[in-house]
Amino acid sequence: MNKKLVIGILAHVDAGKTTLSESMLYQSGSIRKLGRVDKGDAFLDTYELERERGITIFSKQAQLSIDGLQITLLDTPGHVDFSAEMERTLQVLDYAILVISGADGVQGHTETLWKLLERYHIPVFLFINKMDQNGTDEAALMNELKKRLDENCVDFSQTDTDELNESIAMCSEALLEQYLESGEIEDTQIRNLIRKRNLFPCYFGSALKVTGVDEFMRGIMNYTEVATESEEAKFGAKVYKISRDDQGNRLTYIKVTSGCLKVKDLLSGRDRRKEKDWEEKINQIRIYSGAKFETVNQAERGMICAVTGLSQTYPGEGLGIERDSDIPILEPVLTYQIQLPEDCEVHSMLEKLRQLEEEEPLLHIIWNEKLGEIYAQIMGEVQMEVLKSLIWERFHVRIEFGKGNIVYKETIRQPVEGVGHFEPLRHYAEVHLLLEPAEAGTGLHFFSNCSQDTLDLNWQRLILTHLEENEHCGVLTGSAITDMHITLTTGKAHQKHTEGGDFRQATYRAVRQGLKKAESILLEPYYSYRLEVPADMVGRAMTDIQRMNGSFDTPLQDGESAILTGSAPVVTMRDYQTEVISYTKGRGRLSCTLEGYKPCHNQEEVVKEVGYDSERDLDNPTGSVFCAHGAGFVVKWDEVENYMHLQSTLESKETVDEEFVFPTAAARRASTYLEMTEEDQKELDAMVEASQRKREAARKSYAYRKDFSNEKIAVNGSTKSYSNKKKQKEYLLVDGYNIIFAWEELNELAQVNMDAARGCLQDVLCNYQGIKKCELILVFDAYKVEGFSGEIQKYHNIHVVYTKEAETADQYIEKVAHEIGRKYLVTVATSDGTEQVIIRGQGCHLLSAKELKEEVEFANKELRQYYSEDTSLERNYLFQYLDKDTARQMEEVRLGINISEQKRKK
C-alpha cells in the first residue's frame, strides 16, 4: 500500500510559493513543461484573475508521486487578504512547506503563518527560495530563522554530516545523550522529531531555476511518515472548501480522515440555518489536479477529493466521526456596504451573494432589512477588487463598495444571569443563563450546569444548539459578542405545550436580557506591528504611534535602522503604511498582523456615532413573553425577574434571603443538591458521611429535639443566624408510588403485594413524623378508578390521600403546594423531574427519593443514639424515671421506714 500525504505550501506573497509547486510537479514527472506565474501559464493558476494578477486567490490541489509516496499538494493563497482561505486548508494537512524569500527574509505575515502552524500542530519543512539573487546570505538567514521562528530550525542543505547530526541532536536532550554515546542518529528518530515539531528542516535553493528542489523532495520522502489505522475504522472526513465548477455544480472538498467513502454513500449532518438534520447521497467523487479531474469509485483515508451531491455542507464541518473545526483565528476587521446598480433587484442579488458566502464564510453577508442594504466583511482592498471581478464574471453585475467601517465586538465585565421566557398561548419555555467574561481572544464557549431532574437532557442539548447557531449581538452597538462563557443553569418546559422553537426564543431573549443587565465593553481590532525606520526618524515614529493610541516596546538598533514593535488600533493604523513611505522616502518598512480584539480606546465616541438602540431592535428582543388570562404579553427586560417562574440561580449561589428558613437539614441538602453536578454530589456525600462519623465518635450527650430558632446555618462559607425569625409550620408532601418504586426494598415488596408496600411506607413515615413533628401528607394515585371521588384518611399521625378520578398525585401535590407554598415551609418528596421544576416554581423545597430515605435513616439513627446515650449507665434503677417526691417515698418503703409512725412522732 502506497504512503499518502497531504502537504500544503504556505508563504508570504511573492515568496515563490506557486513557482516551487511548479518545480516539484515538473521534477516528479506530473507535468511535462514548467510554467511561470509571470507568464500566466502556471499549472495551478487555474483562474483568469490569478493569471492576470500573478497571485494565488483560491487554494488548489495537484497530485504527484515520489518513489511510491503519493502526495496531494495544496497550493494556498499567500496574500494577507486571502488568509482565511489558507487557514481553512491547514485543517487537512499532514505536513506543511513554508516558503521564505531569501531576498526579503522573515516577514510579518510569515510570523503569522508560523503561529497558525503551531496552533494546528502541523510539522513544517522550510524552503528558503530565491537564493540565486544577489545579496542573499545563507548564514544570516539561518540566524534570522532561529531568532524569529524557532531555534530548532536546522540547515539540512549542509554537506558536513557530523555538523548536521550535531545540530539535530541539540533539538532533544534524550537524543543528544544517545548521540554522544553512539555518534549516530537514525532516520526514524529524525522523523519523530519533525512530527512532534521539535525539528524544522531548512533547505535553500531557487524554485525558478529548479536548484535545490530535488534535494528538498528527497528530504520530504525520507523524513515524513503516515499514521496507520485499523481496517475496520469508521468513516470520517473534514470539509475545508466549497466551490462550483464551470457547470454550476456545487463541490464539497474534503479530506478523508478515517475509513473510506464510496459513490452513492449516504452522508448526514445538520443545517445550521434551517436547524434541521440532512441526509444526502454522494453522486461523484473527483480527484483534482490543477483544473482537470478524474472520477473514482471510492476515496480512502488520507485522500483529498471533491464530491458532488451535498448541498448543506460548510467549511470546517466534520462528517462521520470527525468533529467540527474550531473558529478560525484570522477574520476580517472591516465591513463595507455593497452598492448595487439601480436596475439590480436587491433580494435576488442577496441570494447570489449567499453562494459566495458558502465558499468564503468570513464574507459574512449581512442584510439590513430596514435600510434595504447589503454589507460584507472584507480583509482588504485586494480582496475587494477580486470580489468585484468575481461577481461580474459569475453574475454579470457590476458592484461597488462603500466606505469601510471597523468591525467591533462586545463582551462583559462581570458575571450576570440572563433570563428568557417565551409563553404565548399554547407555547412555553424558560431559560436561565450565566454569562461570564472569559480570557481575551478565546471567543464564546457554551456549557450546561443544569440538573436533568430539572430539565430533560434533550431540551438542554437543544438550548446549547441554539446558543451555538446564532451570532448574538451586543447592546452597545449591535456588534457580535465574544470572549464569554455562557452556561445553562436551569430551565423549564411544559409537558404538553413546549416546542423546539420555544426554547430558541427563550434562549435568545435570555442572552439579550443578561447583556442589558451587565456592564458591556466595546472591543476593537488591534494590529501587532513591526516598524523599521532610519535611526534618526525613530522619534517621529514613536510620536505617531502615541498619537494613534498605540504602544511600543523599547526600540532596537539594527545597524542604521531602528525597529519598533508593539500594537495599535486598526482604525488609527490602517492607512499608516503610506505615511511611513512618505516621511522615510521609501526607506521605512511597516508590517502589520491582526493581534486580536482589545477594549476600544474611544468607546463613548463610537457608541454615540453608531447610535444603536437595543430596545428598538425587533430582530433581537431584550424582553420576554408571558401569558395571563389566555393571552401573551411582553415584559421589558428590567421587569422579567418579577415574572419569571424559576428562582434566580445566580442569587442562590451568592446570597441568601434573610427571610428564608430551611425547614429541615434534609431540605437544606436537597436545595444544594439540585444545583450540583454528579461529581460534586458524590464529593459532598463523602464529606457528609465523614462529618457524621466524626460527630458520633465525639458526641457525649445529645438532645435530638432542639429549638430551630437558635440554629445557625452555614451557607457558602458564611454563617447566618435566624434567632429572631418566626418559626413557620412545616409540611412534607410525599409522592407515594414514586417513593415506593424508587426505594429498592419497597419496590421488591410491591412486585409481590402492593398493599403491603403501601402499608410499610405508611409505617415508616409515621415513625418519621413522630420524630420531626411536621404535617406529613402521603399522596397515592387513584385516578384510574372509575367514579372514585377521592379520599383522605388519618393513619395514626399522618394524612393519607387517594386522588380522585382523572387526578394524578403530581396534580394534587402541585395544587396543594400552590395553595400553601408561600405561607408555610413546604417540602415535596419526589424524584419526578417535571414535578420538581413546577414545585420549585411555587417556592417549595425539594427532596428526592434518595434524600428522603437518607433523612429517614438519619433521623432513626439519631433517635437511637439519643436513647442509647441517655440510658448507658452501669445499672438501670427503678426510681430513675420517677419524680422526686415519689422517689423519696419509694426509697423509704424500700428501707422499711414506717411513714405513719413518723407522722405521729411529729
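Aspartate 14 counts as exposed because its relative accessibility is 56%, and the cut-off for exposed is over 50%. The model is a predicted one. Aspartate 14 sits in the loop that runs between strand E1 (3–11) and helix H1 (17–28). Its backbone has a positive phi of about 70°, although aspartate 14 is not a glycine. Lysine 264 is another residue that is not a glycine and has a positive phi, here of about 75°. Its place is the loop between strand E10 (260–262) and strand E11 (266–271). The table sets out the two residues.

| Residue | Phi | Loop between |
|---|---|---|
| Aspartate 14 | about 70° | strand E1 (3–11) and helix H1 (17–28) |
| Lysine 264 | about 75° | strand E10 (260–262) and strand E11 (266–271) |

The next topic is the protein as a whole. The protein has 906 residues, of which 48% count as buried. Its secondary structure comes to 29 helices and 43 strands. Among contacts in the protein with a separation of 6 or more, 70% are between residues 24 or more positions apart.

Which residues does tyrosine 576 touch, not counting residues up to four places away in sequence? They are Leu531, Ala541, Asp544, Met548, Tyr583 and Leu590.

Tyr576 also takes part in a contact between two helices, H14 and H16. The axes of helix H14 (residues 538–547) and helix H16 (residues 576–583) come within 12 Å and cross at roughly 160°. That angle makes H14 roughly antiparallel to H16, because angles over 145 degrees are counted that way. The crossing of H14 and H16 is right-handed. On the H14 side, the contact is made by Arg540, Ala541, Asp544 and Arg547. On the H16 side, Tyr576, Glu579 and Tyr583 make the contact. By type, the residues of the contact of H14 with H16 divide into three nonpolar, no polar and four charged.

Key: Residues numbered from 1 in each chain as written. Predicted model: local features only at pLDDT ≥ 70, side-chain atom pairs only at ≥ 80, totals over all residues. Heavy atoms only, no water. Axes fitted to C-alpha atoms, helices over the stretch in contact; angles between N-to-C directions. Helix = DSSP H or I, 4+ residues; strand = E, 2+ residues; numbered from the N terminus. Parallel < 35°, antiparallel > 145°, perpendicular 65-115°, else oblique. Left-handed = near helix turned anticlockwise from the far one by under 90°. Contact = heavy atoms within 4.5 Å. Nonpolar A, V, L, I, M, F, W, Y, C, P; charged D, E, K, R; others polar. Buried < 20%, exposed > 50% of the residue type's maximum accessible area, 1.4 Å probe, protein only.
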